[in-house]
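Trainee: I would like to go through the labels used for this structure and ask what each one rests on.

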Amino acid sequence: MSGKGLCAASGEKEISEMRKRKIFTLYCVILVMAVSLGLGACKKSQEDFPENEISESLVYSHSMDLKYARQFSVDYYEGGYALVRISREKSDQSDVLGDLEAVDYFLVIPEGYQVPVDLPSYIIPLQQPVENIYLAASAAMDMFVAADALDKIRFSGLKTEGWYIKEAREAMEQGKIRYAGRYGAPDYERIVSEGCGLAIENTMIYHTPQVKEQLERFGIPVMVDYSSYETEPLGRMEWVRLYGLLTGKEESAKKAFESEAAVFEAVSGRENTGKTVAFFYITDNGEVNVRKSSDYLPRMIEQAGGKYVFQNLEDREGDSSSLILQMEEFYAAAKEADYLIYNSAVDGELTTVKELTEKNSLLKEFRAVRDGNVFCTSPNLYQSSMALGRFLSDIHEMLDGRDEKLNYLHRLK
């Protein structure tokens, strides 16, 4: 064969090999695509159900008409299903749920109905009736009472003497609600043996994540209450509507919210008095715990006609509603405040100015201490989450110099 012929044959052979490689590569691509599609059909991700489309068997109907709450939302589906989203991060008021990667999802399933077979794994099903609830988030108890759903709670994270809410204390005395250990050390045997349908925790549960994991291993859904992350006071109180949904008491919960919201709105928006207020407590090691400027309590001070002394305290300790200051830093900002309000929720109730100044002698130099304008919250305020309208009225009365008939504040003697 001539050299020319050899070259031609060699070229044809190379072209043939190239075609084979291309065909093989194309085959591999097709195979990978087929496998991927097959796996996708078996396991769907969050992206497979955008917006309200969480299941091919559920048809979206409408959403809960929330007015103030931004940390949760509810979408309703035909047949009585309801999707609850709870944000684990403090949200900007313009963004309903903030970062969607930090959201807990629950599907409330009507009694007698089944869990959708294609429900994504990240959504926790809650079968109604939701009963025998373990309530470790004590601030939510007042909401269950207001919604007429106290009978849905079977286990408490507080002992009888720890409750300031009359209805809760009486239910425990009568044995209708049983103590089942604090959030960090629940009585698993008691909770499991009586068929706990849901554990409601506050954000402290993340200090003991193994407890949440263990409850879930026992088949008990865990919902974390983020109402304290709401920046609007009425947003915090609107969580009663979520608990009304879970317990089948939506209408009574809505009426309870609207009633207290009317009291709140009647007082809020008063003309600014120009008087400054510090809200705080002193820790065991002498530091000062204060609320961040965006928290709902500073917001209430502003709405009652006052001015919170700390205007730019943000993001120094993540999403917590409060932060720690050294006494010197607190003194620099609050020494000329017109009023001091001592928070008794953690440190305990005070009755005299002397009890306060014994915590740190520097407090004697504060203007409010010299003028006798030092107040303390009552210990039942933290649990009275449905009484924010009355507390707002207390702050307004304090600023106007009328403190004879306060509900949740008292002047230190």
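Trainee: What do the buried residues of α5 pack against?

Mentor: They pack against α4 (188–193), β9 (198–201) and β10 (222–224). Contact means heavy atoms within 4.5 Å. This is a predicted model, in which local features need pLDDT of at least 70, side-chain atom pairs count only at pLDDT 80 or more, and totals for chains, interfaces and linings use all residues. Residues are numbered from 1 along each chain as its sequence is written, and side-chain values use heavy atoms, with hydrogens and water left out.

Trainee: Which residues of helix α5 are buried?

Mentor: In α5 (residues 209–217) they are Val211, Lys212 and Leu215. Buried means under 20% relative accessible area, exposed over 50%, and partly exposed in between (1.4 Å probe, protein chains only). Helices (H or I, at least four residues) and strands (E, at least two) are DSSP runs, numbered from the N terminus.

Trainee: Why is Asp148 called exposed?

Mentor: Its relative accessible area is 51%, and the label requires over 50%; therefore Asp148 counts as exposed. Asp148 lies in the loop between α2 (141–146) and β7 (153–156), and its phi is positive, near 60 degrees, though the residue is not a glycine.

Trainee: Why does Asn132 count as partly exposed?

Mentor: Asn132 has 27% relative accessibility, which falls between the 20% and 50% limits; so the label is partly exposed. Asn132 is in the loop between β5 and β6 and has a positive phi of about 50 degrees, although it is not a glycine. Pro129 lies in that loop between β5 (123–127) and β6 (133–135) too, and a cis peptide bond, with omega about 0 degrees, joins Gln128 to Pro129.

Trainee: What makes β2 a paired strand, and which strands does β2 join?

Mentor: Two strands pair if DSSP finds at least two bridges between them. β1 (residues 60–63) has 3 bridges to β2, and β2 has 6 to β3 (residues 81–87); so both pairs meet the criterion. Each pair runs antiparallel. Asp75 of β2 stands opposite Ser63 and has Leu83 as its bridge partner in β3.

Trainee: How many residues of β2 are buried?

Mentor: In β2 (residues 72–77), 6 of 6 are buried.
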